[in-house]
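Here are a few notes to read with the model open beside you.

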Amino acid sequence: MRFQLPILFLASLTLASCGRGSRRVVVEQPRLVSVLVEVYDPVSNLAWENISVRIVEVDHEWSGCTCVNPVSDDWFLTDGSGRVLLDEYLLADSGVGFLEDGTGAAVLDPDFDRDEATVVLEIDAVGFAPVIVEVPISWLDPDVFVEVPFF
């Protein structure tokens, strides 16, 4: 046993030193953002088709700006499944202050003071009271799915 102890010690040192010189630096990249909105009737639990959804404003951490949508009648209708996707290009084109990548898509940056935003949506239909929804998005959770009860 006395003879095996130094060999075990040397073996553990050899294993511990493996990989020390090969550390990788991971550079976090901006992430594309999107909001998938599902509008449903909470009584029947069925999806609402052709319900209007619009981006009212976005509150950005990176600029401290609450950027109001300059087009007040920029509505998107839910499909047969009660959903509308506000993708990275639609969010960028809405003029609500998102950072954009080289292709013109809305992104959030990984920096701690540039990684969050709150998207304010209005859901409306003729004969119904409009509903306002605040949707937080972040660099850690850039693709958000939100279910909105509407009655």
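Which residues do ring pairs link into a cluster? This is a predicted model, and in it the cluster is made of Trp 48, Phe 128 and Phe 150.

1. Let's begin with the aromatic rings. The structure holds 3 aromatic pairs. In one of them, the ring centres of Trp 48 and Phe 128 lie 5.3 Å apart with the planes at 70 degrees, so this pair is edge-to-face. The two residues come from distant parts of the chain, 80 residues apart: Trp 48 sits in the loop between β2 and β3, and Phe 128 in the loop between β9 and β10.

2. Trp 48 also pairs with Phe 150. Here the centres are 6.4 Å apart and the planes stand at 85 degrees, so this pair is edge-to-face. Phe 150 belongs to the segment after β11, 102 residues away from Trp 48.

3. The largest nonpolar core has 30 residues, and Val 37, Phe 98 and Ile 137 have the most contacts inside it. Several elements give two or more residues to this core, among them β2 (34-40), β3 (52-60), α2 (88-93) and β10 (131-138). The largest share, 4 residues, comes from β9.

4. Leaving aside residues up to four places away in sequence, Phe 98 touches Val 33, Val 58, His 60, Leu 91, Ala 106, Val 107, Ala 117, Val 119 and Ile 137. Ile 137 is itself one of the residues with the most contacts inside the core.

5. Now a sheet. Three strands form an open sheet in the order β6-β2-β11, with mixed pairing. β6 and β11 stand at the edges with a single partner strand each, so one side of each has no neighbour in the sheet. On average, neighbouring strands are turned by 15 degrees against each other, direction ignored. β2 and β6 run antiparallel and are joined by 4 bridges; Glu 38 stands opposite Arg 83 in β6.

6. Last, the cysteines. A search of the whole structure finds 1 disulfide, joining Cys 65 to Cys 67 with an S to S distance of 2.5 Å. The torsion about this S-S bond is about 135 degrees, so the disulfide is right-handed. Cys 65 is partly exposed at 27% relative accessible area, while Cys 67 counts as buried at 14%.

Terms used: Residues are numbered from 1 along each chain as its sequence is written. This is a predicted model: local features need pLDDT of at least 70, side-chain atom pairs count only at pLDDT 80 or more; totals for chains, interfaces and linings use all residues. Side-chain values use heavy atoms; hydrogens and water are left out. A nonpolar core is a set of buried Ala, Val, Leu, Ile, Met, Phe, Trp, Tyr and Cys residues joined through side-chain atoms within 4.5 Å. Buried means under 20% relative accessible area, exposed over 50%, partly exposed in between (1.4 Å probe, protein chains only). Contact means heavy atoms within 4.5 Å. A disulfide is a pair of cysteine sulfur atoms within 2.5 Å. Two strands pair if DSSP finds at least two bridges between them. Axes are lines fitted to C-alpha atoms, for helices over the stretch in contact, and angles run from 0 to 180 degrees between N-to-C directions. Rings of Phe, Tyr and Trp (its six-membered ring) pair if their centres lie within 6.5 Å; planes under 30 degrees apart count as stacked, over 60 as edge-to-face and the rest as tilted.
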